[in-house]
Amino acid sequence: MADGRIIRLMRRLDELAALIQRERETLLSRWREQVRKLPSAQGLDTPTLNDHVPALLDELSAALRNVADQSIAQAVLGGSSPAHGMERYQNGFDIVEVVAEYSILRGCIHDLAESNGIAVEGQAFHILNRVFDEAIGLAVQTFATQQALELARRRDEYLAFVTHDLRTPLNAIALAARVLDSSAAPTGSIPMSPMLRSLHRNVEQLTTLVDRILKENANVQTESGVRLERRWLDLWSLVEELIHDLHPVAGTSSTQLLNRVPEDLSAYADASLLRRIFQNLIANAITFTPRGEVEIGARQRNGEGVECWVRDNGAGIPTDRLQGVFDKHETTTPDDAGAGLGLAIVKTFVEAHGGTVSVESTEGIGSIFCFTLPAGTTQAIRDGAAATPS
């Protein structure tokens, strides 16, 4: 009697395995029809949507046929599930959708078996669940790992970007302190020199810390998404404030900073990121223009948003370096001592706004860096008021 039950069990498992193989394409078609209702799956073509699911059906069939010779855990191959989790992460699925598509496939198999008079119960039910639970676990584990790695990468990138941008205000503070130290008269009851020495010492410590963080984050990438917090802002005021803050840096090299932004030009943008875009471009221009002019301007483009630029009449950039000037670690400083993040940061933040950035430069004449803020995110209070770069 026991042998008869085992034979019937094996026959039923084999019938289910054969049915899954025979109706494989029909099963996949029904599954895709339901999975396409998931938000992240709607734009995927059939090969991308299928991914490892055909291989999973093969694994399930093998598990059903091999149960007599192996334990269920041994019969579950599961080797393709981690790759599926990685693929779904790249496809933009969320973790709930990853689990949902497996559950949909499990339901399709139950429906197929029932329509063909095969009851998915007992050992067959147990094997089916174990195969799917194993696949879900491996796929979700890989998905979650990639998500955690991406979050860590973005955190490190943000740290590197912020640290890089600290250099410019730190230089301004240090230079201002030197000017005060050289011009302060020993009057009054407050000893200025000890206070200035303390200021110098603390700025040096901060600069060392910034350099160390930048060095430790030398391999950071710049492709990750940037979260924007847009609001209406006055471009002239933003640039004027930057010029005031950077004056000590420009003053040491007798570089004149000119604000050519119309006073009535407004933009709907992330103020913090826009400030950092201008700051990096202006600091870069000052480096190459020790005794000249740096012009910061903007204009309203008819129905196409706002164009901003930073122009200098400095040393210019060699032609063979122009193409990669916005690449990470491609430094344009004269002694190549920079971290090579400044212009990469500019490109990342401009593109986060949906804009583009470009550069034109001639050695011995100067450079002009232009970037755009697309229509729909920018506005001029009065049309035609902005100057046009020539």
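Start with the largest nonpolar core, which has 42 residues. A nonpolar core here is a set of buried Ala, Val, Leu, Ile, Met, Phe, Trp, Tyr and Cys residues joined through side-chain atoms within 4.5 Å. Buried means under 20% relative accessible area, exposed means over 50%, and partly exposed is in between, with a 1.4 Å probe and protein chains only. Select L235, L274, F278, I282 and F371, the residues with the most contacts inside this core. The elements that give it two or more residues are α10 (235–252), β3 (265–270), α11 (271–288), β4 (293–301), β5 (305–312), α13 (342–352), β6 (357–362) and β7 (366–373). Of these, α11 gives the most, with 9 residues. Helices (H or I, at least four residues) and strands (E, at least two) are DSSP runs, numbered from the N terminus.

The model is predicted: local features need pLDDT of at least 70 and side-chain atom pairs count only at pLDDT 80 or more, while totals for chains, interfaces and linings use all residues. Residues are numbered from 1 along each chain as its sequence is written, and side-chain values use heavy atoms, with hydrogens and water left out.

Next, select L274. Leaving aside residues up to four places away in sequence, L274 touches L233, L235, L238, A269, F371 and L373, where contact means heavy atoms within 4.5 Å.

Rings of Phe, Tyr and Trp (its six-membered ring) pair if their centres lie within 6.5 Å; planes under 30 degrees apart count as stacked, over 60 as edge-to-face and the rest as tilted. The count by this rule is 3 aromatic pairs. One of them joins F278 and F371, edge-to-face, at 5.3 Å centre to centre with 65° between the planes. This pair links distant parts of the chain, with F278 in helix α11 and F371 in strand β7, 93 residues apart. F278 and F371 are both buried.

Another edge-to-face pair is F326 with F369, at 6.0 Å centre to centre and 90° between the planes. F326 lies in the loop between α12 (319–322) and α13 and F369 in strand β7, so the pair ties together parts 43 residues apart in sequence. Both of these residues are buried too.

Colour α13 next. It is largely enclosed by the rest of the structure, because 8 of its 11 residues are buried. These are G342, L343, A344, I345, V346, T348, F349 and V350. Just after α13, check the backbone of G354, which takes a positive phi of about 85°.

Move to helix α4 (residues 53–66) and pick S61. At 2% relative accessibility, S61 counts as buried. Its side chain is joined to that of Q21 by a polar contact of 3.0 Å. Such a contact is a pair of N or O atoms within 3.5 Å; within protein, one must be able to donate a hydrogen and the other to accept it, and residues adjacent in sequence count only if both atoms are side-chain atoms. Other buried residues in α4 include V53, L56, L57 and L60.

Last, select E134 in helix α8 (residues 122–183). At 38% relative accessibility, E134 counts as partly exposed. A C-alpha to C-alpha distance from E134 to S81 gives 8.5 Å, with the two residues 53 apart in sequence.
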